[in-house]
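This report covers model confidence and the contact between two chains.

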Amino acid sequence: MFEFHIDFQGQNLAEQITQGVISAFGVIAFLAGLIAQDIRLSMYIFAAGVAIAAFLVIPAWPYLRKNPIKWLPSREKLAAAAAASKQESSTSDLKDKKAS
Amino acid sequence: MNSLQNRANAVMAFSISAIFCLLGAIAFSALIIPSNPSGAVALDSIKVVTGRYDKNWVDYKTRNNEFANTIMRIDADLSSLFHWNTKQLFVYAVAEYSTPTHPKNQIVLWDTIIKRKSAAVISKRGLNNKYSLIDVNKKWTDVNANVSLHWNIVPYVGFMTYGHSKASEGYAFPLPSGIQT
């Protein structure tokens, strides 16, 4: 219940979002502060950028889970299926023999 | 990035690298901002007195230390030095002179810290020197000094930068004229 996993495509997307958003807000913060000559403005804009990136990426949103991983069936199930099909083929052989 | 902690760690680590680049850019940008500060110090009077102790000089062993008392006037307009990376200005008035034993001596007559652009215009009259003025050779005779105003820009992030005004020349120190303490 507390897993909050995302799939591989989602992880790729998450990485791109964090780098893109934080870098963009870094550039905006520098330019805004340079024009307004206020260093506190730069720090506030950058902090807002980090908060936005964290909001978009840290919770396990559905858009990050669109390509779920296709796991192979478990070995016990495979073994049970193999045993069942072997039983079937052996009984069908017997049936054929009896018929012929 | 498959768990909550992993994604939080990735966001935080990248933001620290990014803030480092931002602060570096701010530090370098402050080097190329133009400014035109101006300042001047003039001494209205110099008196030399002898005594055992003074403002911040306590030497009970010697009765006749020679202290110089100056009255200064200072005018300065340092408001153009306040850009976005300026945290405060440290402004100090320096008297520079040479003696036979020591070719270059500098003593601080007065200093102040300016934290806001609105306080950056200085106009002082009748100012006494803030610290005791005593020469390493214990005598002020034959000393001829230049006085100038120096400033130091303390940044939020980056490099400490310095500047100074032109020097007012030719202040001669008189002979001791009285006993102080």
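## Confidence

pLDDT is the predictor's confidence in each residue, on a scale from 0 to 100. In this predicted model, chain B has an average pLDDT of 90, and 99% of its residues score at least 70. Helices (DSSP runs of H or I, at least four residues) and strands (E, at least two) are numbered from the N terminus. Within chain B, helix 1 (residues 4-29) has the highest confidence, at 95, and strand 11 (residues 176-179) the lowest, at a mean of 76. The ipTM is 0.81 and the pTM 0.80.

## Extent of the interface

With contact taken as heavy atoms within 4.5 Å, 28 residues of chain A touch 22 residues of chain B. Buried area is the accessible area (1.4 Å probe) that two parts lose on being put together, summed over both. Between chain A and chain B this comes to about 2100 Å², with 79% from carbon and sulfur atoms. Of the area that chain A buries against chain B, 28% is supplied by A:F30, A:I39 and A:I58, more than by any other three residues.

## Chain A side

Helix 1 (8-36) and helix 2 (39-57) of chain A are the elements that give two or more residues to the side touching chain B. The largest share, 12 residues, comes from helix 1 of chain A.

## Conventions

Residues are numbered from 1 along each chain as its sequence is written, and chains are lettered from A and ligands numbered from 1 in the order in which they are written. Local features need pLDDT of at least 70, side-chain atom pairs count only at pLDDT 80 or more, totals for chains, interfaces and linings use all residues, and side-chain values use heavy atoms, with hydrogens and water left out.
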